[in-house]
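Here's a quick briefing on a protein model, written for someone who likes cut-offs spelled out. Have a look at the structure first, then read on.

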Amino acid sequence: IRGLKQEKLNLVKKINADKDDHVQLLEELKYEAARLQEVLSGRKVKSSLKVIDLKKIKGRLNWPLDGKVISSFGKKKSTRFDTYIFDNGIEINPKSSDHVKAVYAGDVVFAEYYKGYGNLIIVQHSRDLHSLYGHCKDFLKKPGDSINTGEEIAIAGDTGSTDGKSLYFEIRLHLKSQDPLEWLKKKR
């Protein structure tokens, strides 16, 4: 009985230590999300960016990568951390090509490693619209580059990913995360 009791005490101790680690990780991710908001809100808008009629492009953007959505937007229970999380974007597992394409024309405003996103490239399409592409293996564009719709900007990878090679994709309007599936063309 003493041995069984000690096993149970050790298990409880391990669970508490894991919980503390997960709480700390969650706090770090919240901090990094707030920093990302600062990065996005502090960017200067180039005069070359056109005003976009968002109603005309919502639901009509090309996919950044051909593949299967393996993680969806929104609130969900994390079985790994036994807590609720909110995904600000979607994760796409590449089907045939790892080449990531810009969903709309704009300017690259960020391209470097960012905690929680891995190698992250951000394209600013207008004053209020950004697309974010994370977990990239390599960048094909750098900050300051103007890009066209469909232009290759990165290679999908697994930096910052817990699911292997994938692309993490977000749309932000007025700095707020949007469900990317509402902006992308419907798959057939």
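**Aromatic pairs and what surrounds them**

The structure holds 4 aromatic pairs, where rings of Phe, Tyr and Trp (its six-membered ring) pair if their centres lie within 6.5 Å, with planes under 30 degrees apart called stacked, over 60 edge-to-face and the rest tilted. Bear in mind that this is a predicted model: local features need pLDDT of at least 70, side-chain atom pairs count only at pLDDT 80 or more, and totals for chains, interfaces and linings use all residues. Residues are numbered from 1 along each chain as its sequence is written, and side-chain values use heavy atoms, with hydrogens and water left out.

**Rings**

- Tyrosine 117 and tyrosine 168 make an edge-to-face pair, 5.5 Å centre to centre with 75° between the planes.
- That pair links distant parts of the chain, 51 residues apart: tyrosine 117 sits in the loop between β6 and β7 (118-124), and tyrosine 168 in strand β11 (residues 167-173). Helices (H or I, at least four residues) and strands (E, at least two) are DSSP runs, numbered from the N terminus.
- Both tyrosine 117 and tyrosine 168 are buried, where buried means under 20% relative accessible area, exposed over 50% and partly exposed in between (1.4 Å probe, protein chains only).
- Tyrosine 133 and phenylalanine 169 form a tilted pair, at 5.3 Å centre to centre and 50° between the planes.
- This pair also links distant parts of the chain, with tyrosine 133 in strand β8 (residues 129-139) and phenylalanine 169 in strand β11, 36 residues apart.
- Tyrosine 133 counts as buried because its relative accessibility is 0%, and phenylalanine 169 counts as buried because its relative accessibility is 0%.
- One aromatic cluster is formed by Phe110, Tyr114, Tyr117 and Tyr168.
- Lysine 187 lies over the face of tryptophan 63, at 4.2 Å from the ring centre; for this, NZ of Lys or CZ of Arg must be within 6 Å of the ring centre and within 35 degrees of the ring normal.

**Cores**

- The largest nonpolar core has 27 residues, and Ile121, Tyr133, Ile153 and Phe169 have the most contacts inside it. A nonpolar core here is a set of buried Ala, Val, Leu, Ile, Met, Phe, Trp, Tyr and Cys residues joined through side-chain atoms within 4.5 Å.
- Two or more residues of this core come from each of β4 (90-94), β6, β7, β8, β10 (152-156) and β11, and β11 gives the largest share, 4 residues.
- Not counting residues up to four places away in sequence, isoleucine 121 touches, among others, Val108, Phe110, Tyr133 and Ile153; contact means heavy atoms within 4.5 Å.
- A second, separate core of 11 residues includes Leu36, Leu40, Val109 and Tyr117.

**Polar and charged spots**

- Aspartate 107 is found in strand β6 (residues 106-114) and is buried because its relative accessible area is 4%.
- The side chains of aspartate 107 and serine 146 are joined by a polar contact of 2.6 Å (a pair of N or O atoms within 3.5 Å; within protein, one must be able to donate a hydrogen and the other to accept it, and residues adjacent in sequence count only if both atoms are side-chain atoms).
- Lysine 101, in strand β5 (residues 99-101), counts as partly exposed because its relative accessibility is 36%.
- Lysine 101 and glutamate 151 are 50 residues apart in sequence, yet 5.2 Å apart in space, C-alpha to C-alpha.

**Whole chain**

- The chain has 3 helices and 12 strands, and 37% of its 188 residues count as buried.
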